[in-house]
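Please look over the sequence and the model below before reading the notes that follow. They are set out as a short briefing, grouped by topic.

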Amino acid sequence: MIEACRQRMNELHARTAETPLFNPVFQLGLEISRQLEKGEITLAGLSEAIAELGRDGLQARADRLARLIGPLEEDENIAAFRAAVVASAQGSDFAGFAMRWSQPLLHVVFTAHPTFLLTPNEYAAVAEAAVSGAPVVIAPRPDRPSPSLADEHEEAMAALARAQAARERLHAVVLDVAATHYPDDWQALTPCLFRLATWVGYDMDGRTDIGWATSLRFRFNEKARRLALHADTASAAGEAGLAGRLRRACRHAATMAALLAGDTDTPAALSAIANQITAPDADSLTSLSGVIADLRAAAAVLPVDLAAPRLVLAAAMAADGLGMGAIHFRVNAAQLHNAIRRRIDPDGNLDMASGQALLRLRMLLNEVQPLRSNFAALAVESTTAVRQFLAMAAILRHIDADTPIRLLIAECEQPQTVLSALYFAKLFGIDSHVDVSPLFETETALEHGGRFLDALLAEPAYVAHARRRGRVAIQTGFSDAGRFVGQIPAALAIERLQGRLARAMAANQLGDVAALIFNTHGESMGRGAHPVDFGDRLAWPLSRWARGQFADRHIRIEAEASFQGGDGFLFFGHDALALATLARIAALWPGLADDGAGDAFYTRTDLSLDYYRMIRRHQRRLFETRPYARAITAFGLGLLPVTGSRRLKRQSDIGSDREANLRQIRAIPHNAVLQQLGYPANVLAGVGTAAGEAREALAALLAGSARGRQILGLVGAANALASIKTLAAYGELFNSAYWATRPYRGTEDHLARPCLALAERLIEDDRSGQFRRLASQLRVDNIKLRQLLDHLPAPSADPAGEATRRTLGVLHALRLALMQHLFLRAVDMPAFSRSNDISRDDVLDMILSLRTDEALAQLRRAFPVTAPDLDDYRMNEPSDWPDGDPQAYAGIQRRFIGPIAEAARLLPLIGIAIANHFGAFG
């Protein structure tokens, strides 16, 4: 069936030359719908076709992964890395060599939001196919539970373990080369190619379901897991005594984790748990500094082959401490403001952005005296932000006293917020181990971030904190920025902000500390992770120009990047993938130091700056238009499978989604809906229109610039998959005229009643018109994009590109047919009485917005097929009622509810296949 559909799509596509308004995607969807409603094909048959396309999607993901980080053969990657290390030793003294390999190339952070598109088995299949080259043999299944927070944490731990193992293999190479070239000094080297971290279980921004006990339990579990790995390594290195000590500490940590999985709500239970955690215990290892010193001392008197494994273990301990990696807590600025008001503004009259608030915070910071805290303080604290500081204090005191903790502050737009965080860090005595990091992500934060940084870096309390910690830490994000102003303007605004940080640090004499820049990009075309090659993936969020701004001022950068959810974790989904990923980063990193000083994109700002501003303006206007909002929210979030434990919307909506607020939808699902509708407007919109009459000059600028070619690469990847016809096809589902005329010729008389009912229902519905308006806007803009691209060299032909487009067209056509099946069954449903304020019309609205789970729950309540029977009861008194068939609703179940449920079950599988071809969810 699939091959026939692809062939038919080719034929229908050719007809667009005859009439520009012809829509091949919608036409194929209609043809499949007709076959389905006539019984010529069945839902079971469609299920088989969707499974086949699902395998194709998994294969596309595996192929892309292999292309991005290949070669994947482990010996080849180790040999190439060794050659690079040897080359760095030639002509270099030990001090230079040590500096090169003891400062992290990259901090790798494993983050998670709703981005676990596939099940663990599917991810494993993709990873194995990428490594082995064998085809993927499984397909996504419809019975897929939503990932829980515990599931996400386990995935993060697995990725961290593989990253650690790969890093240690590279560290062994560095030490081996050092022993050869610097035989008298090599044991003084502590290699640290990568630092590893996670925020899974510690990120409180946008969620309230992570309690303090959850975070501490996760951290104890991480400690136990890491100690077990350290013990295995120590045993293999011949350190049997140390291995035994580490295993005892592992068991202690696991016991503490198990305690925190119990009742922590009642005072008596928590008291017993807390007293056991805090009781002195010889196995309660909270620092590895002594262990590291012992390992280094033992290595000093051993030959190279015995010393090296001990030094590799010591380096791992120094890098990760007593966890699988460092941890990032994250709170929202509003949560911090709520917490600090109790100290500076108990009456709630003070504007936190005011100078008066700043003065009071300075006084607090000057006068603060550390306070002790315990688990009871955690239990009774009601303020989210303060509870996080108490949790951090407990972790540093009882789990790992050495490893610093990052505090990320979302929506942080004023210095007062950072100073509030510093105050609480000092109040609980943890300021020496906490890096406070504001997040710049919203359009406002990026636009005014330079002034914010100037003000913050002039605050004496913050400067003292930065010097104590040895770094100025910031976070730049692509979520809200890419949603509101577009992916390309977001990347350029972030780049400019990073440059402003370099200037602000130099202006405030902070050149002696590092700039830690955490770029929380996401996947593929969704949120800032460049899809073309791995070098661009590294350089897109922290460009060569931005790096050059720091290099020119002799400020060291600590680069940090997120590997998020399913897409990012896949790079570490197999031992060979993890090694290839880290080896590829190490190989590409020297090339990122080229500051791009001669890049025309930065010298011809008369063109590039105006271009950036025009794209941003176009994207912002598009986002604010009603056609855009109605198209994105037309199906609510029904086009997306559930892929994570965090809510997709910022607040619930118990009514119809027909007027859902676009700003309620988070950035990841927003971007994912664009892909599911067939047109990634957050990448493409405005790129052509913004060129105006300067197309030829801009084309020359972009083609002649490394940064410009990155922009073109992102645009080209998105445009290769984009289809405005597809987006327009979804709007036709709400076209009253379509439903009224579908049975007009008498070929579908059996559908006359539901078609006419839908036609009447949709007469006043505005979604069809809004989709058409949006499609027209995007078409005009896309034509201008093509005019711009006509001035550029033609890209290399992608032999698989057209086949992918046809496959996507078939996927959309299948979904359109299934959605029509849903609509027809739902509108033909017998009437039922209103229950719990839900009527038949409400259920139909749910179906039209793809809120199928809610609709099915109401239908099953209205038409139960397992109603109680008289024979179920033992009554002495006889009854002649009910006198009808006790299973009267079985026919309704068979004709309506069953088909609706089966079609709804297949829809997410199509969404998964589409997302896999885009290489992302979000």
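Predicted model: local features only at pLDDT ≥ 70, side-chain atom pairs only at ≥ 80, totals over all residues.

Just after helix H2, Gly-39 adopts a positive phi of about 85 degrees.

**Helix H2: extent and ends**
- H2 covers residues 24-38, and its 15 residues reach 21 Å from the first C-alpha to the last, close to the 21 Å expected at 1.5 Å a residue.
- The N-terminal end of H2 is capped by Asn-23, which places a side-chain oxygen 3.2 Å from the backbone nitrogen of Val-25.

**Helix H2: surroundings**
- Because 11 of its 15 residues are buried, H2 is largely enclosed by the rest of the structure.
- The buried residues of H2 include Val-25, Phe-26, Leu-28, Leu-30, Ile-32 and Leu-36, and among them are also Glu-31, Ser-33 and Glu-37.
- These buried residues pack against helix H1 (2-14) and helix H3 (43-69), and also against helix H33 (724-732), helix H34 (736-741) and helix H37 (801-827).

**Helices H32 and H36**
- Helix H32 (residues 706-721) packs with helix H36 (residues 767-789) at an angle of about 130 degrees, their axes lying 13 Å apart, and the two helices are therefore oblique to each other.
- The crossing in which H32 passes H36 is left-handed.
- On the H32 side the contact is made by Leu-712, Val-715 and Asn-719, while H36 contributes Asn-782, Leu-785 and Leu-789.

Methods. Residues numbered from 1 in each chain as written. Heavy atoms only, no water. Helix = DSSP H or I, 4+ residues; strand = E, 2+ residues; numbered from the N terminus. Expected span 1.5 Å × (residues − 1). Buried < 20%, exposed > 50% of the residue type's maximum accessible area, 1.4 Å probe, protein only. Contact = heavy atoms within 4.5 Å. Polar contact = N/O pair within 3.5 Å; in protein donor to acceptor, adjacent residues only side chain to side chain. Axes fitted to C-alpha atoms, helices over the stretch in contact; angles between N-to-C directions. Parallel < 35°, antiparallel > 145°, perpendicular 65-115°, else oblique. Left-handed = near helix turned anticlockwise from the far one by under 90°.
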